[in-house]
Amino acid sequence: MSTTHDHRAPTAAAPADAPENGGDRHASAAHGPGYADTFAADYDRWFGKPGVTGATVDTLAALAGDGPLLELGIGTGRVALPLAGRGFDVHGVEASDTMAARLRSKPGGGTIQVTPGDFSEVPVTGTFSLVYAVGGTFFELADHEAQQRCLSAVAAHLEPAGVLVLDAHLPEALAVAAASGVPEVVSETDEHLILCHRRIDPSTRTYQSHYLVHEADRTRHLRVHFHYASPGELDTMAERAGLRLRQRLGSWAGAPFARDSAYHVSVYELR
């Protein structure tokens, strides 16, 4: 699942560090917290990839500045907890009470302030030197209107030198992978097998990720819905919100954004 994150040309299988492969998933108001509540106890075990998380945390730490940090869709704390462990003052927004409870149950989880609610509204007070959404979470918001509201709200909560960081699959790479009909092997161990198949609807600029998790002779089906935007569309929405693109990477590990990139990590600052 994602987080779901490396930087090869688009193929039927998404890269191992693509936004939807390797982390906790986060509920938004668009979906309600149902799927996140149901699978919260298993996300870390099924989808956690230490290498992906390490690269993500390193990149965010380098961009963090001196102020507090805010994660949109903080989930079970896959990224927030390592950042807090490095001494950053981390806050979060999360729609799923079960996800937030799991975060609080982990070592150091009690130090992170989590605000319940829909992160499209950014329902927090104060300003932050870094606001971020990882694992493709930003695109779980219901539509471009919700995404635009979120970007505008983030701009209002950024310190003057603060930045917003988002990651996302590229629509073209998603289309290539989906057209192949070959499911992605997200995780395979002696205990479980996780496959992902994505269905894309260009008419609505949406895609749905279907995850089949087979474990202990039981198969479970998880669906996650995304409303995607191209990098250009995202830049335009950011500009409307008073932000501008500072940097775009081809991976959390720092690969350049190039013609064969399968996803992007985009850094925005106030205009």
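Helix 7 is followed by Gly 242, whose phi is positive, near 90°. This is a predicted model, in which local features need pLDDT of at least 70 and side-chain atom pairs count only at pLDDT 80 or more, while totals for chains, interfaces and linings use all residues. Residues are numbered from 1 along each chain as its sequence is written, and side-chain values use heavy atoms, with hydrogens and water left out. Helices (H or I, at least four residues) and strands (E, at least two) are DSSP runs, numbered from the N terminus.

**Helix 7**

- Helix 7 spans residues 231–240, and its buried residues are Pro 231, Leu 234, Asp 235, Met 237 and Ala 238. Buried means under 20% relative accessible area, exposed over 50%, and partly exposed in between (1.4 Å probe, protein chains only).
- These residues lie on the same side of helix 7, because they cover an arc of only 165° around the axis. The arc is that of the directions from the helix axis to the C-beta atoms.
- Their packing partners are helix 5 (144–156), strand 5 (158–169), strand 10 (243–249) and strand 11 (263–270). Contact means heavy atoms within 4.5 Å.

**Nonpolar cores**

- The largest nonpolar core has 40 residues, and those with the most contacts inside it are Leu 72, Phe 138, Leu 151 and Leu 243. A nonpolar core is a set of buried Ala, Val, Leu, Ile, Met, Phe, Trp, Tyr and Cys residues joined through side-chain atoms within 4.5 Å.
- Elements giving two or more residues to this core include strand 1 (69–72), strand 4 (128–133), strand 7 (192–201) and helix 7. Helix 5 gives the most, with six residues.
- Not counting residues up to four places away in sequence, Phe 138 touches Phe 119, Ala 133, Gln 147, Cys 150, Leu 151, Leu 166 and Leu 234.
- Another core, of 27 residues, lies apart from the largest one; among its members are Ala 55, Leu 63, Val 163 and Val 267.

**Val 267**

- Val 267 is found in strand 11 and is buried, with a relative accessible area of 1%.
- Leaving aside neighbours within four places in sequence, Val 267 is in contact with Leu 63, Val 163, Leu 164, Val 165, Arg 244, Leu 245, Arg 246 and Gln 247.
- Val 267 and Leu 164 are 103 residues apart along the chain, yet their C-alpha atoms are separated by 5.7 Å.

**Aromatic rings**

- A search of the whole structure finds three aromatic pairs. Rings of Phe, Tyr and Trp (its six-membered ring) pair if their centres lie within 6.5 Å; planes under 30 degrees apart count as stacked, over 60 as edge-to-face and the rest as tilted.
- One of the pairs is Tyr 207 with Phe 226, which is stacked, at 4.8 Å centre to centre and 10° between the planes.
- Tyr 207 lies in strand 8 (residues 206–215) and Phe 226 in strand 9 (residues 218–227), so the pair ties together parts that are 19 residues apart in sequence.
- Tyr 207 and Phe 226 are both buried, and together with Tyr 228 they form one aromatic cluster.

**The loop between strand 8 and strand 9**

- Most residues other than glycine have a negative phi.
- Ala 216 lies in this loop, and its phi is positive, near 55°. Ala 216 is exposed, with a relative accessible area of 70%.
- Asp 217 is in the loop too, with a positive phi of about 60° although it is not a glycine. Asp 217 is exposed, with a relative accessible area of 75%.
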